[in-house]
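Below is a short report on one model. It covers strand pairing, aromatic contacts and nonpolar cores.

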Amino acid sequence: MPLYSATLALGSVSQLFITGDAIASSKNHNSCSVSCVFNHINFSKLSHKSLCKKRSSVFAASRVSNTDNSGLVHDTSTSTDEDLQEARISADWKVAKAYSDSGLIYEGMIEGYNGGGLLVRFHSLVGFLPFPQLSPSHFCKERGKSLQDIAKGLPGSLISVKVIQVDEEHKKLIFSEKEAVWSKFSEQINVGDIFEARVGSIEDYGAFVHLRFPDGLYHLTGLVHVSEVSWDLVQDVRDILNEGDDVRVKIINIDRVKSRITLSIKQLEEDPLLETLDKVIPQDGSVGPDSLSTDNSSNIEPLPGLEAIFEELVREDGIDDVRINRQGFEKRVVSQDLQLWLSNSPAVNQKFTLLARAGRQVQEIQLTTTLDQEGIKKALQRVLERVP
């Protein structure tokens, strides 16, 4: 039996359904058959229910009889079981193409498996669901089991899939459970949501993590990029995470066109830079003597781009003075670009703290102002819009 295509034994001609006008003679048999089959493939706006209903009414063959002058009935049917089988298979390929074009979800029976995936029944055809297209719920539910062991327990069960490839010429019919699950559960997530999750595969560029939904199952998978694993510099994700680890993640981006979710672990912890420079550069003797400098702050060279920002800030109403207080050097390079934040530290004598970072270098900036934190944020926004 071919991997992607199989047929079912058909019943007798008398058990088949016929659509269209009653056929009076064998002369118009072929034209009616063609008409009925092509009426069957107008699927662009059909629901799942109507697709199935139309499929069952496809004309396959008819038994035509004539009566001669003697009153005897002569059978003039020219259809064979092979013709019926071929017509049904051809019609089901068209149904599969309709599912692929419409994006409708199909519920099929798992009939078996091989080294690469599952065999799923689609009417008179059998299609293929590769293991990478399975929903993560299988792996997380059967924790520690191999793909083959998981597959052994699936034949005979129903599975919701989308048709992602239809190639009648080469007898290829490919399904995806992942895409069917995405259609159902992606509408339940938003940027900023926090999930309990489980680490799946780990690559050099990050870790794929499965999200656990309120029903206790893991339906969707997102990527935690290596830069979103920790505030510390991560050389190898495997030094921090292991396959099967339970973690908490935050959704930071959703690409609904490409069905991709970007996650972060580190954003569930405060960036130490948002507090004070002392938190970034701990003074416990574990860092070099040049890690933190407070003397001769007037001699500290501003990070590239800061000077222009300072000039614009002092032009804002309510801001009296802007100067670098001290600087430090981190062990890690977070970004080569200039980054600027208002520290969470409360104001002291109308002095707020800004923190600027580029590469390993961090500078603490003292802002003397009568503005509150919200006013400073708005002033910074106006300044950054003016500075190229």
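How many residues lie between β3 and β4 in the hairpin they form? The number is 3. The model is a predicted one, and every value here is computed from it.

Strand β3 spans residues 105-113, and strand β4 spans residues 117-122. The two run antiparallel and are joined by 3 bridges. Within this pairing, I110 has V120 of β4 as its bridge partner.

Is β4 enclosed or open? Of its 6 residues, 6 are buried, so the rest of the structure largely encloses β4.

| Strand pair | Sense | Bridges |
|---|---|---|
| β3 and β4 | antiparallel | 3 bridges |
| β8 and β9 | antiparallel | 5 bridges |

**Aromatic contacts**

The model has 7 aromatic pairs. One of them is Y99 with Y106: the ring centres are 5.6 Å apart and the planes meet at 80 degrees, so this pair is edge-to-face. Both Y99 and Y106 are buried.

Y106 also pairs with F122. That pair is tilted, with 4.5 Å from centre to centre and 50 degrees between the planes. Y106 belongs to β3 and F122 to β4, so to speak of sequence, they are 16 residues apart, and the pair links distant parts of the chain. Y106 counts as buried because its relative accessibility is 7%. F122 counts as buried too, because its relative accessibility is 0%.

These contacts belong to a wider group. Y99, Y106, F122 and F175 make up one aromatic cluster.

**The barrel**

Five strands form a closed barrel in the order β8-β9-β10-β12-β11. The pairing is mixed. On average, neighbouring strands of this sheet are turned by 55 degrees against each other, direction ignored.

Strand β8 covers residues 194-203, and strand β9 covers residues 206-212. They pair in the antiparallel sense. E203 stands opposite G206 of β9.

Which helix packs on the sheet? It is α6 (residues 177-185), which touches β10 (218-225), β11 (246-255) and β12 (260-264). The direction of α6 makes about 95 degrees with that of β10.

**Two nonpolar cores**

The largest nonpolar core holds 26 residues. V209, L211, L241 and V249 touch the most other members. Two or more residues come from each of α6, β8, β9, β10, β11 and β12.

Leaving aside neighbours within four places in sequence, L211 is in contact with residues including F195, A197, L217, L220, V249, I251, I261 and L263. The contacts of L211 also include E196, Y218 and H219.

Another core, of 22 residues, lies apart from the largest one. Among its members are Y106, L118, I150 and F175. Y106 and F175 are also members of the aromatic cluster.

Conventions:
Residues are numbered from 1 along each chain as its sequence is written. This is a predicted model: local features need pLDDT of at least 70, side-chain atom pairs count only at pLDDT 80 or more; totals for chains, interfaces and linings use all residues. Side-chain values use heavy atoms; hydrogens and water are left out. Rings of Phe, Tyr and Trp (its six-membered ring) pair if their centres lie within 6.5 Å; planes under 30 degrees apart count as stacked, over 60 as edge-to-face and the rest as tilted. Buried means under 20% relative accessible area, exposed over 50%, partly exposed in between (1.4 Å probe, protein chains only). Helices (H or I, at least four residues) and strands (E, at least two) are DSSP runs, numbered from the N terminus. Two strands pair if DSSP finds at least two bridges between them. Axes are lines fitted to C-alpha atoms, for helices over the stretch in contact, and angles run from 0 to 180 degrees between N-to-C directions. Contact means heavy atoms within 4.5 Å. A nonpolar core is a set of buried Ala, Val, Leu, Ile, Met, Phe, Trp, Tyr and Cys residues joined through side-chain atoms within 4.5 Å.
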